Amino acid sequence: MSDLAFAILAFMIAVYVLLDGYDLGVGALAPFVSRNEEDRAAAMHAIGPYWNGNEVWLIAAGAVSFALFPLAYASAFSGFYLPFMIVLWLLMFRGIAMEVREHFPSELWHAFWDTAFSAASALLILLFGLTIGNLVRGLPLHASGFFMGTFAFLLNPYAIAVGLFAVAALAQHGATFLWMVAGGEIGVRSRDTIARLWWIVLALYIVITILTLAIRPVVFSRPWLAIIALISLAAFILLRIRLSSESQKTPFVCSTVFIAGLLVAAAATIYPYLLPDFAGPGGLTIYAASASPQAMVWGISATLVGLILVSTYTFFVVRRLSA
């Protein structure tokens with residue numbers, strides 16, 4: 001039961017990263033591909049119908065972690081309290097910037113809200129990357145499973161490297177989306193940006209792979225992880241190859257597979273821990289952090305019903321807006 005709950009939670013987080021990842025990436029990338037007011041408006045309009053619905057997956061994942069893994073939820077929020085609060089502020093500030101921009105006719109206000117939206121988008125990606133990096137590296141935990149470190153501990157070189165990689169990878173993901181949806185001059189500049197970002201993502205991918213193998217040697221005992229990594233890497237290489245083609249959907253699909261592979265590999269690396277211990281093998285496992293068996297049954301049943309409803313809603317919204 002705990003394994004199924006872990007798989008559901010990992011799936012929901014992955015879907016959130018993939019869906020909200022492209023609109024966060026567009027936000028972070030907008031200043032670099034926009035040349036005028038029309039370009040910035042086009043970038044905003046490209047993600048306008050989707051960004052609010054995409055964030056539903058983050059709220060749902062938080063609710064599921066509370067229902068199925070209450071101990072890990074309490075421990076994570078005690079340790080990541082300040083980062084989580086910053087994430088909430090950035091999400092609110094980003095939403096405000098998105099909604100009120102058009103209500104201020106002044107170009108000065110437009111520039112302010114555009115800058116706020118881009119900065120909030122980039123910082124959100126960086127914080128999400130820092131969180132994943134620290135989960136893979138491990139946390140200083142009390143014997144009862146609670147976080148014993150400080151905010152400064154979270155700003156370690158490995159987590160920062162993962163954060164920078166997340167910014168580059170999701171900016172590239174956003175560029176593939178903008179190229180596919182916006183078209184025109186901003187679409188062409190997005191394609192050119194993908195070509196430049198690809199090399200940065202590749203360099204950081206190599207660095208982080210080496211560091212992960214060094215700090216998490218458990219990877220060597222799970223050779224099937226290599227298959228996931230190869231599928232992800234193949235999609236990344238195909239993304240580069242397909243840039244010269246006329247198909248604008250294939251690079252976006254390749255980017256999606258690339259990021260999905262990385263998230264699956266990260267979840268498989270820390271399994272069966274929700275919060276691995278920094279000091280060595282151990283930590284808060286999914287079994288120790290699980291709710292009671294009866295609560296798990298009800299929680300998983302409710303989650304599966306909710307997943308069907310949210311997935312159906314997302315599918316019809318995307319299909320309707322793509323028509």
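Author: Helices (H or I, at least four residues) and strands (E, at least two) are DSSP runs, numbered from the N terminus. On a 1 Å grid over the protein atoms alone, a pocket is an open set of points with protein on both sides within 12 Å along at least five of seven lines, while a cavity is a set where a 1.4 Å probe fits but cannot get out; lining residues have an atom within 4 Å of a point. Grid points are joined across faces, edges and corners, and a volume is the space filled by probe spheres set on the points.

Author: Two housekeeping notes as well. This is a predicted model, where local features need pLDDT of at least 70 and side-chain atom pairs count only at pLDDT 80 or more, though totals for chains, interfaces and linings use all residues. Residues are numbered from 1 along each chain as its sequence is written, and side-chain values use heavy atoms, with hydrogens and water left out.

Reader: Okay, what volume does the largest pocket have, and which residues are the closest to its centre?

Author: The volume of the largest pocket is about 1500 Å³. It is lined by 48 residues, and the closest to the centre are Leu9, Ile13, Leu58, Ala61 and Leu135.

Reader: How do the lining residues divide by class?

Author: The classes are these: Ala, Val, Leu, Ile, Met, Phe, Trp, Tyr, Cys and Pro count as nonpolar, Asp, Glu, Lys and Arg as charged, and the others, Gly among them, as polar. On that scheme the pocket lining has 43 nonpolar, four polar and one charged.

Reader: On to charges. How many salt bridges does the structure hold?

Author: Side chains of opposite charge can pair when their charged atoms come close. The cut-off here is a side-chain nitrogen of Lys or Arg within 4 Å of a carboxyl oxygen of Asp or Glu. The structure holds four such bridges. One of them joins Arg94 and Asp23, at 2.5 Å from N to O. Arg94 sits in helix H6 and Asp23 in helix H1, so this pair ties together parts 71 residues apart in sequence.

Reader: Are Arg94 and Asp23 buried or exposed?

Author: Buried means under 20% relative accessible area, exposed over 50%, and partly exposed in between (1.4 Å probe, protein chains only). Both Arg94 and Asp23 are buried.

Reader: Which residue forms a salt bridge with Arg189?

Author: Asp39, with the closest N and O atoms 2.4 Å apart. Arg189 is in helix H10 (residues 184–215) and Asp39 in helix H2 (residues 37–47), so the pair links parts that are 150 residues apart in sequence. Arg189 counts as buried because its relative accessibility is 16%, and Asp39 is buried too, at 10%. Then there's Arg191 with Asp192, where the closest N and O atoms are 3.6 Å apart. Arg191 is partly exposed, with a relative accessible area of 31%, and Asp192 counts as partly exposed at 31%.

Reader: Last one: which peptide bond is cis?

Author: Most peptide bonds are trans. Here the bond from Tyr271 to Pro272 is cis, with omega near 10°. Pro272 is placed in the loop between H12 and S1.
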